[in-house]
Each structure stands twice: as C-alpha cells, then as structure tokens.
Amino acid sequence: MHTLHSNTQTKEQKYIELLPQLQALFEGEDDRIANFANCCAALKEVFGFWWVGFYFIKNNQLVLGPFQGPIACTRIAFGKGVCGNSWKTKETIVVDDVSKFDGHIACSSQSKSEIVIPILSNNEVIAVLDIDSENLNCFDEIDKKYLENIVSLLNK
Ligand code: SME
C-alpha cells in the first residue's frame, strides 16, 4: 500500500487520504485478522503513534489482538482501564492525559494520551481499537470521527 509521509499535510488530510486506501485493502481480503493487522500497520506508519492495536472480546475479557508497538497487557476486564470502559459504554473515549484517567492501565510509561474506539456488531462490542501517544492531548474529534469511520470499514 502506498501511504504519503508529507509533513505538510494536516491530520485530517492524512485521514482523508488513508480512508479509501484502507477501504480498498479491506475489500480485497475477507480475513479479519489480516485486515486488523494491516489497519494497525497503516495507522502507525501514517501517524507515527506510539502504540496501535486491537483487543477482542473473548470469554468476557478483552484479549490482545493484532498491534504495532511495544509489548502490551494481554487481558483487560470489563469496565477496567480506558479499553474496558469503552467496552462498557459502547462509546469512543478520548483521554488527553492518561495520568488523570481513573483506572487507566499503564502498559507503557511512555503513553501520555489515548483514544479507544469500540467496534460493534448487532449493538454488541466485539473488539476495541486502542491508540496511545507519547504526547499529551494527541487525540481530538477529528481522530474520533475518522477512526470510527475506519473501524466501520473493518466490520463489514
Ligand atoms: N491503556 C489501556 C490498556 C491497553 S495499553 O494502552 C496498550 C487501558 O487503560 O485500557
């Protein structure tokens, strides 16, 4: 896949360019793990995030799936951490400063801000996309909008 690395592009321009590329990539492959894995690689490559990965709900726990970045916690309980809260609320959670999020699970001390997007099927959360940054305040409404869009492509 061809991805641009121009520093002159805004974050939104990068997402706008990435979306159709991911759509084409996912449409050509029906294996879920393969698509989730490439999704992590693309987001890491284009935005340089510290950690990008998926957790899948298995036996009523979140279990680590495809990711890019350092080793991470493998299991997260319902309602625990940012991921477990996103599962519980079925909502995207943006955390500007993880040290101020009650119950944040620190897989890495480098992580300073975070966004978690739930992936729903028949109104049930089946997985979450978790992205961590080494910078505070990395994520906003633009990330929320486009990442929700990206996960909806994965869920077809
Ligand atoms: N910080 C997450 C745990 C997963 S790692 O960041 C990869 C949380 O609080 O749920």
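Close-up 1. A polar side-chain atom of D130 lies 3.3 Å from an oxygen atom of the ligand, a polar contact being a pair of N or O atoms within 3.5 Å. D132 places a polar side-chain atom 2.7 Å from a ligand oxygen atom, and a backbone N or O atom of C83 lies 2.8 Å from an oxygen atom of the ligand. The protein covers 99% of the 310 Å² of accessible area that the ligand has on its own (Shrake-Rupley method, 1.4 Å probe). This is a predicted model, in which local features need pLDDT of at least 70 and side-chain atom pairs count only at pLDDT 80 or more, while totals for chains, interfaces and linings use all residues. Residues are numbered from 1 along each chain as its sequence is written, and side-chain values use heavy atoms, with hydrogens and water left out.

**Close-up 2. The shell around the ligand.** Of the 13 residues around the ligand, those that come nearest are V82, C83, I105, C107 and D132, where near means that a heavy atom of the residue lies within 4 Å. α3 gives the most to this shell, with three residues (helices are DSSP runs of H or I with at least four residues, strands runs of E with at least two, numbered from the N terminus).

**Close-up 3. The disulfide between C73 and C107.** C73 is joined to C107 by a disulfide with an S to S distance of 2.0 Å, the cut-off for a pair of cysteine sulfur atoms being within 2.5 Å. The torsion about the S-S bond of C73 and C107 is about -85°, so the disulfide is left-handed.

Technical notes: A polar contact is a pair of N or O atoms within 3.5 Å; within protein, one must be able to donate a hydrogen and the other to accept it, and residues adjacent in sequence count only if both atoms are side-chain atoms.
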